[in-house]
Structures are given as C-alpha cells and as structure tokens.
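Here is a short briefing to read alongside the model. Have the sequence and the 3D view open, and follow the residues as they come up.

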Amino acid sequence: MRIVLAHQSAIPIYEQIKEQLKASILLGDVAEGDLLPSIRQLARELQVSVITTTRAYNDLELEGFIQTTPGKGCYVKKIDGDLVRAKYLSETKAALKEAVRLGKMAGLDTAKLHTLLNEAE
C-alpha cells in the first residue's frame, strides 16, 4: 500500500490519508480482513503526527471501511462496493450539476465545460 502526501495541498493530511486508504480498499488493493499498519507505524512511515493518522483511521472506522480491535489492530471490513460506488456516483453527479450551473453563470458553453472537465483529470 502506497500513500503519497501533498503537503502543500489545501486538503488536510488526514483527509489525504483517508481517501487514499479508502481508494485502496475499494479497488481491492487492500482486501477484506487485511491488517492495516498500526497508527504509530503509519505515522512514522509518512512522517506525520500520530494525531493525523488517528484521525484518518477514526474517520475510516466511522464510514464503515475498517474495524479496530483493541490490542490487535485495524482491519479492513467487508464493504458493499456497489453501494459505495453508487454513493460516489451520486455525489459526482451533484458536483457536476453545480459545476455546470456555475459555468453557465460564467458564460461558458458546453464545449468549454467539456474542455475544463478534461483539464481537471
């Protein structure tokens, strides 16, 4: 599992860790039942504070992606990938709808919106 942090990003470090772990789980790079690195180990590897990795793991647990077993560690839970993907699809559609609304207010036509979408990749 590889986590790359952008320290200059506006996205908080804990959020970057959480989203990359979540993506690894959804893509199957980290399987159900796999033991994740300990909070301290991950903090050491990424050269961040234990508070940062604790926040990322806590958020993942609240969202149902991992389960913490005291004294044993954090494990990947069984998730319904289709349900999670449907949620992300819904959020993507809402974000795109808002982007189109703002683009129209800025006087952009459909072709320019498509160009901006391609540039965002």
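Let's begin with Gln47, which sits just after helix 2 and takes a positive phi of about 60°. Please keep in mind that this is a predicted model.

- The buried residues of helix 2 are Leu42, Ala43 and Leu46.
- Because these residues cover an arc of only 100° around the axis, they lie on the same side of helix 2.
- Their packing partners are helix 1 and helix 3.
- On the face turned away from the buried side, helix 2 carries the exposed residues Arg40, Arg44 and Glu45.

**The nonpolar core**
- The largest nonpolar core has 22 residues, of which Ile17, Leu36 and Ile66 touch the most other members.
- At least two residues of this core come from each of helix 1 (13–26), helix 2 (39–46), helix 3 and strand 2 (73–76).
- Helix 1 gives the largest share, 6 residues.
- As general background, nonpolar side chains tend to be buried together in soluble globular proteins.
- Leaving aside neighbours within four places in sequence, the contacts of Ile17 include Leu42 and Leu46, as well as Thr52, Thr53 and Ala56.

**Thr52, a buried residue of helix 3**
- Thr52 belongs to helix 3 (residues 50–62).
- Its relative accessible area is 18%, so Thr52 counts as buried, the cut-off being under 20%.
- Beyond its neighbours within four places in sequence, Thr52 is in contact with Ile13, Tyr14 and Ile17.

**Salt bridges**
- The count of salt bridges comes to 8.
- In one of them, the side chains of Glu15 and Lys18 meet at 3.4 Å, N to O.
- Glu15 and Lys18 are 3 residues apart in helix 1, so about one helical turn separates them.
- Lys18 is buried at 6% relative accessible area, while Glu15 is partly exposed at 21%.
- Asp59 pairs with Arg55, their closest N and O atoms being 3.7 Å apart.
- Both residues of the Asp59 and Arg55 pair lie in helix 3, 4 residues apart; Asp59 is buried at 15% relative accessibility, and Arg55 is partly exposed at 41%.
- Lys87 and Glu91 form a salt bridge at 3.1 Å, N to O, and both lie in helix 4 (residues 81–105), about one turn apart.
- Lys87 is partly exposed at 46% relative accessible area, as is Glu91 at 40%.
- Shared partners link Glu15, Lys18, Glu19, Lys22 and Glu63 into one network of salt bridges.

Definitions and conventions
Residues are numbered from 1 along each chain as its sequence is written. This is a predicted model: local features need pLDDT of at least 70, side-chain atom pairs count only at pLDDT 80 or more; totals for chains, interfaces and linings use all residues. Side-chain values use heavy atoms; hydrogens and water are left out. Buried means under 20% relative accessible area, exposed over 50%, partly exposed in between (1.4 Å probe, protein chains only). Contact means heavy atoms within 4.5 Å. A nonpolar core is a set of buried Ala, Val, Leu, Ile, Met, Phe, Trp, Tyr and Cys residues joined through side-chain atoms within 4.5 Å. The arc is that of the directions from the helix axis to the C-beta atoms. A salt bridge is a side-chain nitrogen of Lys or Arg within 4 Å of a carboxyl oxygen of Asp or Glu.
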